[in-house]
Amino acid sequence: QVQLVESGGGSVQAGGSLRLSCSASGLIYRSRYMGWFRQAAGKEREGVATIYIGGGSTNYADSVKGRFTISQDNGQNTVYLQMNSLKAEDTAAYYCAAASTLATIGTKTSLDPGRYIYWGQGTQVTVSS
C-alpha cells in the first residue's frame, strides 16, 4: 500500500521560511516523478515543484522560482520542499504526490496534477502579511 505522509506545515509571517517533508512508503523510490502541489481555498490544485527521483531534474512553477527548492533524500525515501521568502499568496494546503514509473512525463508536463496517481493527505501552510 502506497503511503505519502507530509509534515512541516504551519503558520508563518511573510518573509519567513518553512520546510515540508514527504515520506514515501510502499512504492519503488526511483525512476518516477514526485512533486509538491498546492490548493488554495476556492482555487484549483496547482503544481509547485517536481523532481525526478534518481535523476534529480527539477521543475518549478514561475510563482515560486528562486524561493522554493525541492530535494530528495534517497536513503530516507523522502522529498523535501524548502520554502523561503514566503508570501501571503503561498497560503494553501500543500500535497505531496508521486507518479507511476510508467507515466509519460516531461519537464513541461511534470507540474500537471493529472499526471500523478498517489497523493498524501496534505499539510496546511498559512502565511500572514
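Predicted model: local features only at pLDDT ≥ 70, side-chain atom pairs only at ≥ 80, totals over all residues.
A residue counts as buried when its relative accessible area is under 20%, as exposed when that value is over 50%, and as partly exposed in between. I begin with that rule because A98, at 0% relative accessibility, counts as buried by it, and I will come back to the rule several times.

S100 itself sits in the loop between β9 and β10, the latter being residues 118–119, and because its relative accessibility is 23%, S100 counts as partly exposed.

Now to the strands. Strands of a sheet pair through backbone hydrogen bonds, and they may do so either parallel or antiparallel. In our model there is an open sheet of four strands, in the order β1-β3-β8-β7, and the pairing in it is antiparallel. Which strands lie at its edges? They are β1, residues 3–7, and β7, residues 68–73, each of which pairs on one side only. On average, and with direction ignored, neighbouring strands of this sheet are turned by 15° against each other.

Next I would like to turn to β5, which covers residues 46–53. Why can we call this strand largely enclosed by the rest of the structure? The reason is that six of its eight residues are buried. On one hand, β5 runs antiparallel to strand β4, residues 32–39, and seven bridges join the two, with W36 standing opposite A49 in β5. The hairpin of β4 and β5 has six residues between the strands, and G42 in this hairpin takes a positive phi near 80°. On the other hand, β5 also pairs in the antiparallel sense with strand β6, residues 58–60, over three bridges, and there the bridge partner of I51 is T58 in β6. These two strands, β5 and β6, form a hairpin with four residues between them, and G54 in the turn has a positive phi of about 105°.

Those two residues were glycines, and that leads me to a point about the backbone. Most residues other than glycine have a negative phi. Yet N77, which is not a glycine, has a positive phi of about 50°, and this residue lies in the loop between β7 and β8, where β8 is residues 78–83. Likewise, S85 has a positive phi, near 50°, in a residue other than glycine, and S85 is found in the loop between β8 and β9, the latter being residues 92–98. Are these two residues buried, partly exposed or exposed? N77 counts as partly exposed because its relative accessibility is 25%, and S85 counts as partly exposed too, at 41%.

Let us move to the aromatic residues, where the count comes to four aromatic pairs. One of them is Y116 with W119: their ring centres are 6.5 Å apart and their planes stand at 65°, and since planes over 60 degrees apart are called edge-to-face, that is how this pair is described. Of these residues, Y116 counts as buried, at 5% relative accessibility, whereas W119 is partly exposed, with a relative accessible area of 27%. Together with F37, these residues, Y116 and W119, form one aromatic cluster.

Finally, a word on empty space. Rolling a probe the size of a water molecule over the atoms shows where such space is left. How many cavities of 30 Å³ or more does a search of the whole structure find? That search finds one, and the largest cavity has a volume of about 30 Å³. The residues that line the largest cavity are Y33, T50, S57, T58, N59, T107 and S110, and this lining divides into one nonpolar residue, six polar residues and no charged ones.

Key:
Residues numbered from 1 in each chain as written. Heavy atoms only, no water. Pairing = 2+ DSSP bridges. Axes fitted to C-alpha atoms, helices over the stretch in contact; angles between N-to-C directions. Buried < 20%, exposed > 50% of the residue type's maximum accessible area, 1.4 Å probe, protein only. 1 Å grid on protein atoms, 1.4 Å probe; cavity = no way out; pocket = protein on both sides within 12 Å on 5 of 7 lines; lining within 4 Å. Points joined across faces, edges and corners; volume = space filled by probe spheres on them. Nonpolar A, V, L, I, M, F, W, Y, C, P; charged D, E, K, R; others polar. Phe/Tyr/Trp six-rings, centres within 6.5 Å; stacked < 30°, edge-to-face > 60°.
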